[in-house]
Every structure is written in C-alpha cells, then in structure tokens.
Amino acid sequence: MIDASRFLADLHQLRSFGATGTGVVRPAFSPPDILARDWLAARMQDAGLSVQFDAMGNLFGLAEGKSLLLGSHSDTQPTGGWLDGALGVIAALEVARAARAAGGPAISVVSFQDEEGRFGGTTGSAVWTEMMTVAEADAVADTDGVTLAEARQVLGDRVGPDVDPARFTGFIELHIEQGPTLDAAGEQIGLVTDIVGYREMMVTFSGQQNHAGTTPMALRRDAFQGLSAFNSRLNDRLRNVVTPQSVWTIGHVQVAPNAASIVPGQVRFSMQWRDGSADRLGRMEAVITETLAEVAAEMGLGLDQGAVLGLEPVAMDPTLRTRLEAAAEAVAPGRWRSMQSGALHDATNVARLMPVAMLFVPSIGGISHAFEEDTAEVDLVAGLQVLAHAAGVHT
C-alpha cells in the first residue's frame with residue numbers, strides 16, 4: 001500500500017539538500033546534488049531496488065526483469081523550487097516501494113541528471129536516449145566556463161555500466177504543472193496530451209561602440225537599439241502566425257561594453273520559441289529570421305545567428321494516457337483535465353525509445369522556477385495516488 005506520510009517525509013528530506021529559504025539551490029553536479037543522489041541511492045537500495053549510476057550521473061533504481069520506469073529529475077535551477085522534478089522522483093520511489101512490498105508489478109525509478117540545463121538542458125536523458133553522445137555533451141560549458149567533462153568527474157567510482165532502455169516497458173513522469181491552469185480552475189490533476197517543441201538560437205548584433213555624450217542619435221549604430229527594435233517588431237509580426245498557446249522569449253542578454261557612458265557596440269541574446277506544432281515552429285523561425293535581417297539592414301548592424309537547436313513536439317502514448325485517465329477519475333473524479341505541456345521534460349527524450357506519459361499537479365499561483373514554488377499536500381498525495389493507480393499499485 002502507498003504510504004502518504006512516508007512519501008511526504010522523503011520529499012521534505014530531499015528538500016534539505018541545498019535548502020535556501022523556502023527554495024532549493026541544487027544545480028547538477030554541485031555538492032548538494034551529489035549528496036542528494038547518494039541519499040536517493042540509499043533509499044532506492046532500502047526499497048529493494050538495484051542501484052546504478054551511469055556515466056552521465058543518471059541514477060536508476062532497477063527492479064528485476066522487464067519493468068515500468070517512473071521518475072523525473074532531482075537537480076534544480078540555480079535558484080529553484082523544491083518540487084520541480086523532485087516530486088516525480090520521490091513519488092516514483094514510493095510507488096516502487098509499495099509495489100515491491102505487495103509482490104508486484106515491477107517498477108523501476110530514475111532521477112535523470114541536468115534536466116535544468118546547467119549544461120544545455122535535459123542533458124542526462126538526451127545522452128541516455130542517444131540524442132547526443134557523451135563526447136558532445138562533455139564539450140558543453142556552463143556559464144562559469146566549467147565543462148561537463150570536468151563537472152562529472154565528481155561522480156568518481158559511482159559510475160557503473162549503461163542501463164539498457166530495452167528493459168523498460170514505458171515511462172511515466174509526474175511533475176508540478178509550473179503554470180496557472182490547474183490552480184486557477186481548482187482542479188487536482190492534469191493529464192498531458194503532448195509536450196511542445198522548442199527552438200532556440202543565440203543572436204549577435206554588432207554596431208559601433210562610441211561616446212554616449214558626443215555621438216548624435218542619427219549617427220549611432222547602437223546594438224542595443226537593434227535588439228529593442230527587433231523585440232518590438234517581432235511581437236507584431238508573429239501575431240498572424242501564432243496561437244494563444246505559442247510563446248517566444250528573449251531571456252538572456254549580454255550588452256558590451258555594458259557601461260553607462262558608452263553607446264553599446266554589441267548585444268548578444270537568446271531567442272527561444274515554443275509551440276505544439278512543428279510546422280508552426282518553422283513559420284515562426286522564418287518570421288524571426290526575416291525580422292532580424294530587416295533590423296540589421298536598416299540600422300547598419302552586423303548580424304550573426306547561431307545554430308538553431310531544439311526538440312520536436314511529442315505526443316503522449318494513448319495506452320498509458322488511458323490508464324492515467326482511469327486513475328484520475330478514480331482519485332479525483334471531475335477534478336482533472338487533459339492539457340498540453342508548455343514546459344520541456346525528460347519524457348520528451350525518452351519518447352524516442354518507449355511509450356511515455358505525464359501527469360501534473362497544481363502549482364500554487366502558477367509559480368515555478370522560483371523559491372515561492374509550492375503545491376498543497378493534498379494535491380501532492382493525489383498525484384502520487386494517480387501515478388500508483390496507473391502503474392497497477394494499490395493505493
């Protein structure tokens with residue numbers, strides 16, 4: 001039987017690794033992350049699972065033979081919330097523990113590494129699913145210039161052989177919604193229909209650095225003004241291409257030389273866009289590229305566009321979704337909905353290899369990736385119960 005008190009106690013214990021105020025600071029491969037993974041490994045072993053780290057630091061608690069895989073990630077944003085990812089890992093552990101005590105079914109657990117993007121985002125699951133090689137991942141550096149190859153040396157002798165994905169029949173990931181839909185509607189469970197795709201690139205406008213007091217406005221080649229014009233035009237140009245669910249973000253900006261009395265000579269920024277339609281992602285890219293070129297030409301700026309990276313939209317497996325629907329109706333009758341995930345998850349990568357499904361519980365106020373992130377305990381337990389029910393474990 002599922003033990004809700006034990007589940008909540010474990011969830012709060014995981015919270016203690018990297019606890020900062022009401023949030024958690026536990027980036028991938030940081031000391032709190034390694035301590036948390038060692039604690040998780042011990043809990044998995046206590047639950048009767050075979051513990052295995054792979055070269056990327058993905059942590060598996062394996063049942064014997066073919067099994068259903070449950071889990072998420074336990075690393076956090078640089079200043080993150082306590083439930084993002086952690087909920088799915090601890091819920092998976094509780095379901096696996098209850099299943100083993102009851103004599104079945106076979107449930108395995110995973111905590112993927114670097115989902116939050118210290119080295120690019122969903123890195124551990126991307127390597128595990130062969131979307132990228134270890135060598136490619138190792139070459140990526142974080143914002144402090146530390147490469148993944150250097151960071152993962154902290155794993156030491158924890159690393160074992162690779163875990164064969166063929167041993168799993170499917171993957172279900174429980175997660176907080178990270179948005180306002182469920183909380184605003186007073187609903188307990190969201191069943192994911194599909195995970196949006198995304199595209200991202202780095203862009204650089206190059207102008208002319210000059211004196212801020214003596215350079216006439218008409219003669220300036222101000223790189224930051226180029227970014228400002230691009231942002232303003234883009235919002236208008238995308239209007240007839242997107243849907244209310246489409247999103248685009250300029251999230252990281254570097255201005256050089258970043259001084260009060262100097263006209264900026266260069267601005268480097270990230271451009272990201274997300275949508276559930278691969279075709280629409282392509283049309284958005286065309287608008288973005290055209291607008292960048294137009295602004296650069298009009299303002300006399302150099303333009304450099306980096307490679308476009310991203311993931312395709314992924315639909316959830318119909319069979320697993322049907323099991324989750326039955327579970328949601330049993331646990332939260334009339335208080336669940338089907339919905340799209342606007343956030344990316346490890347399930348996107350895992351879908352390349354096996355059937356996947358996801359379920360959400362509410363985020364209070366729609367807040368995530370922040371210290372204020374929280375979910376009511378009754379909703380956390382409801383998510384656990386739906387997960388267990390769908391996995392065939394008595395609640």
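Which residues line the second largest pocket? I found D54, A55, M56, V127, W128, E130, V134, D162, V163, D164 and P165 along it.

The model is predicted, so I took local features only at pLDDT of at least 70 and side-chain atom pairs only at pLDDT 80 or more, while totals for chains, interfaces and linings use all residues. Residues are numbered from 1 along each chain as its sequence is written, and side-chain values use heavy atoms, with hydrogens and water left out.

**Pocket and cavity**

I looked up the volume of the second largest pocket and noted about 160 Å³. Its lining divides into seven nonpolar, no polar and four charged residues. For these classes, Ala, Val, Leu, Ile, Met, Phe, Trp, Tyr, Cys and Pro are nonpolar, Asp, Glu, Lys and Arg are charged, and the others, Gly among them, are polar.

I noted how the spaces are defined: on a 1 Å grid over the protein atoms alone, a cavity is a set of points where a 1.4 Å probe fits but cannot get out, and a pocket is an open set with protein on both sides within 12 Å along at least five of seven lines. Lining residues have an atom within 4 Å of a point. Points are joined across faces, edges and corners, and the volume is the space filled by probe spheres set on them.

The largest cavity holds about 40 Å³. D75, T76, Q77, G80, G81, D84, E116, H369 and E373 line the largest cavity. By class, this lining has no nonpolar, five polar and four charged residues.

I went back to H369, one of the residues lining the largest cavity. H369 is not a glycine, yet has a positive phi of about 55 degrees. H369 sits in the loop between β19 (356-361) and α12 (377-391); helices (H or I, at least four residues) and strands (E, at least two) are DSSP runs numbered from the N terminus. H369 is partly exposed because its relative accessible area is 40%; the cut-offs are under 20% for buried, over 50% for exposed and in between for partly exposed (1.4 Å probe, protein chains only).

F29 also has a positive phi, near 70 degrees, and is a residue other than glycine. I placed F29 in the loop between β2 (23-24) and α2. F29 counts as buried because its relative accessibility is 6%.

**L40**

L40 lies in helix α2 (residues 31-46). At 1% relative accessibility, L40 counts as buried. Leaving aside neighbours within four places in sequence, I listed its contacts (heavy atoms within 4.5 Å) as L14, L59, S74, V89, I90 and S111. I also looked up G61: its C-alpha is 9.1 Å from that of L40, at 21 residues apart in sequence.

**D346**

D346 lies in helix α11 (residues 346-350). Is D346 buried or exposed? D346 is buried and has no salt bridge, a salt bridge being a side-chain nitrogen of Lys or Arg within 4 Å of a carboxyl oxygen of Asp or Glu. The nearest side chain of opposite charge is R37, 8.1 Å away; Lys and Arg count as positive, Asp and Glu as negative, and His and the chain ends are not counted. Residues up to four places away aside, D346 touches S72, H73, F112, E115, T122, S125 and E173.

**Cis peptide bonds**

The G104 to P105 bond is cis, with omega near 0 degrees. P105 is in the loop between α3 (86-101) and β6 (107-112). I noted the A256 to P257 bond as cis too, with omega near 10 degrees. P257 is in the loop between β12 (253-256) and β13 (262-263).
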